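Let's take a walk through this model together. Have the viewer open and follow along.

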Amino acid sequence: MPSSSPVISAKNVWKLFGASPEKYLANMAPGRSFDDIRADGYIAGVKDVSIEVGHGEMLVIMGLSGSGKSTLVRCFSRLHDITGGTIEVEGQDIMAMDERALIELRRNKMGMVFQSFGLLPHRTVLENVAFPLEMRGQDRHERRARALEVIRLVGLEGREEYFPRELSGGQQQRVGIARSLAIEPDIWFLDEPFSALDPLIRREMQDEFLRLQEMLGKTIVFITHDFDEALRLADRIAIMRNGAVEQCDTPDQIVMNPATEYVAKFTEEIDKARVVHARGLASPLNGTAVEGAAIDGGATIHDLARLLINDTRAHLPVADAKGAVTGVLQRQKALDLLLGDA
Amino acid sequence: MATLSTDLPKKAPGSGTKAQVLQLLLGAAALLTLAQYLNLLPAWLHRLPEGVIPPTAQILDAVFAFIQNDLGLIHVTRFIAEGPLEFLLDTSANLLEGKRRWPYLGPVPWAAVAGVAGVIGYALGGWRLAALGAGTFIWTALIGQWKMAMQTMSVLTVAAPLAFAIGLGLGIAAWKFAWVERVLKPMLSVLQTLPFFTYLLPAVIFFKVGPTAGAVATVIFAIPPMILMTTLGLKKVSPEVIEAGKMSGCSRWQMLRHVYVPAARTEILVGVNQVIMLCLAMVVLTAFIGMPGLGAKLLAMMGSFKLGRSFEIGVTIVLLAVTLDRMSKAWVVKQPVHFEKGTPWWIRHRMVLTALGVFLGFILLAQLFPILGSIGRKQHFSQGKEIDVLIKGFLALDGIRAVTEWLRWFLNVKVLIPFRDTLLSIPTPAFILMVVSFSYWLGGRRPAVFAAIFFTIVAFSGWWDRSIITLYAVISAVVLAMMIGIPLGILASRSEAWSRRVLLACDTAQTFPSFIYLIPAIMLFGVNDVAVVFSILIFATVPLTRYTVEGLRTVPPEMTEAADMSGSTRRQKLLSVQLPLALPTMAVGFNQAIMFAFFMVIIAAFIGTQDLGQELQRTLAGTELGKNFVLGLNVSLMALTFDMAITAWAEHRKRALGLD
């Protein structure tokens, strides 16, 4: 969960595409919209974004295609040079780094998984996974041992000698994941890693991913255009549109209190009961006396559906993972969420 | 729907003015020509008087002399020629043909070469390629042409890798630095249209006669497509692969070495294929500067009208071309296949080991049975004389003879000569105006401006009449080729099986060195204008047929289905749906046909024509570098004029049809 010092901290980040973006940004009047900027001949890939990613947090960036989510992540890893603002990774301004330092950062701290895998077609699974290790000059035996280890981790043992085109899409993405994990990165970027896969495989890979994350506990920036995926995985979700972040909050808050009309429209079709947790819907105790068995704050309202219908108490105590009562849930509010307003 | 979209786009708002400009240009041309026929035109408007033609050749000669002697370039080139290049050539010549130079090991027995070719063929494409590879070399040895073939191959084995390395390097540079690409691009388009004689003379002057000059000319000739394919491949690498490389912490060199070049493998290997084929074509042509080998022998045999031997040498050259082409193409499509875990090293490398084993085995066997080492004068199976008699007997048959004689008479007297005389009678300015209006009509303003500039330069070069004769041969051959090639393509595209067969035949024919096309022409028509036009005609029909089939085949099926459902007959479908949509692709074939024709017309100078080719060939005997360049540039400029107009049209049309 977010800790005090963020791993990635972006302040007022701009990324403009066009003829001479720096000059344009320096002279730009404040408050120009995406369309105004486009009329001037520039595309605002990222528009004045400030966001922080805490240690061990999973931030999911979501939005429709062209909303700037991939661009933003490429700014974090400096695959794109930003036009304005600052990005700090573990306290270091990455725009101030020279090429050498940037290469060192990527060799030791960052891993990235790509939508269409980005595998090198002329290398075997083993050689692909060992590629980042080879680039940083690790010796042959060490990198082979480490590569085999991550290949086992993603469940591809026995396929080490295969070439990418001999594998299915899901298997190829496992190679991509293994490669990005080989250097044991602290920060893990995933750019729509599962959207090129069939729905069934996608589900399986999401489970696999959650299992890995539970084991490894990395700081993750995950991009998707699939809201269900975002809800399943995220600690926090940032919703982007036209290069700007519309809202960045926990899934519960996004569903319950959408900050803008756009976000509201986005969440309209969602079955809220499957998203909202009991602790998210609960109100503080404020001295209210509650009695009886407490319900689990980490469960969704949907999980609690049967209990909510059978239990006739108007106020239900909500407990955290340790069993301490943290709030109170109004049964009627929960039922409204579950069944729709009467 | 399809017919609508093909008819609409041309009606741009400015088309009224375009027609007016065309009328003006053509009217002026007609007026000038009419005045000439009525003897009203002053002579200086008919042809430029000698006085105003600048002494370009002499100026160029002076410039070359300055670069060569005063700047000392000759020392650099001579050093390369006599140093590293000659060393490489001598080494390969020793190994393959037994020239007495370091390392004094050769010649390698022919059986060993054939065996290794077989193993390489098997590794790349299975038994069929193995049979082709081994068979080619066995044929070459048995027919008694081993030494000649190896003289050709020894230059090829040096020139092709050099052209590959230089082309790859320049291609990477052009991709990395925009200014390199800007400098290279116009140079490449001129280089690709420059007649090969123009490569040969500078090579001779700067790099002394013989294999070195031949190798240099060959390398320069083969570089352009390698550069283009390298840049193309590097630009096409998927952005995610590049980002994956960057995120893996690659340095710039590592990016190039481990990411870009391997990911561009396919295009680079296509470049390799083209390098090999162009090298072979050029090595054969270096016969004109006295390089020994298959080309020289063919030239000599054709010169003395020994059709049988010419035919046999032709077969050898064709076999070599097909083998090299098929093998390098098989390499392009060959994908790595994994070995199961724990496969021992001798199975992983079994092809290399087999090749080595075969090679050493045959060398040992050749010690025991000398016939496997080399086949002597009396031992080969050449049937040159018999084939000669057979061909000549066949041609002397009354029926055949009557047909060829009549064709020769008809084409010469009724078509070619009148056409040539008409072209020659047109005044220079009128001719330029016609070419400009053609370019304007087809390609628009830019090609028209270039046409005007290019043909004016040709007029001021002082070789106008010969340029027109060159053009006349090209135009007549291409028109005849269209009359044959396009119907053939349309017919073939009716069935899938025939399309594939015709495409395969065309692709194979395109790998033949151009020299080959002279053989049937000379056989049928002897040595005259008709043979020239005929050889260009066959050479130019190939791309026309090929791209017609290709264009018709790639018409989107929903369009033809829409036409079927609209109840169109086969003929209606062809005329109003398929052909309009196939035209941009066919234009590519048309363009290639013209370029091939310009290339071939120069080679055909060997038969004895009165065009630029003949003059070019004469310059080879001396050291008239300036004149050689002027003549070469004339050919190049004329070819570029057509190239620009047709390419502009095809691109415009493709955009209008939304095909790209």
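Predicted model: local features only at pLDDT ≥ 70, side-chain atom pairs only at ≥ 80, totals over all residues.

Where they touch, domain 1 of chain A puts in six residues and domain 2 of chain A puts in four. On the domain 1 side, the top contributor is helix 10 of chain A (residues 251-256), which brings four residues. Sort that domain 1 side by class and you get five nonpolar residues, one charged and no polar.

Now hop over to chain B and find a pair of helices, helix 9 (residues 196-207) and helix 10 (residues 211-236). Their axes run 8 Å apart, and the packing angle is about 135 degrees. Why call helix 9 of chain B oblique to helix 10 of chain B? Roughly antiparallel would take an angle over 145 degrees and roughly perpendicular one of 65 to 115, so this pair counts as oblique. As for handedness, the crossing of these two chain B helices is right-handed.

From helix 9 of chain B come B:Phe196, B:Tyr199, B:Leu200, B:Ala203, B:Val204 and B:Phe207. Facing them from helix 10 of chain B are B:Thr212, B:Ala213, B:Val216, B:Ala217, B:Ile220 and B:Phe221. The class count for this helix-helix contact is 11 nonpolar residues and one polar, with no charged ones.

Next, zoom out to where the chains meet. Chain A brings 25 residues to the contact, and chain B brings 20. Which helices of chain B each supply at least two residues of the side that touches chain A? Those are helix 11 (239-247) and helix 12 (252-263). Helix 11 of chain B gives the most to that side, with six residues. By class, the chain B side holds nine nonpolar, six polar and five charged residues.

Chain B has an average pLDDT of 87, and 97% of its residues score at least 70. The stretch to watch in chain B is residues 1-14, where pLDDT is below 50. That stretch does have 13 contacts in the model beyond near neighbours in sequence.

Note on methods:
Residues numbered from 1 in each chain as written. Chains lettered and ligands numbered in written order. pLDDT = per-residue confidence, 0-100. Contact = placed C-beta atoms within 7 Å. Nonpolar A, V, L, I, M, F, W, Y, C, P; charged D, E, K, R; others polar. Axes fitted to C-alpha atoms, helices over the stretch in contact; angles between N-to-C directions. Parallel < 35°, antiparallel > 145°, perpendicular 65-115°, else oblique. Left-handed = near helix turned anticlockwise from the far one by under 90°.
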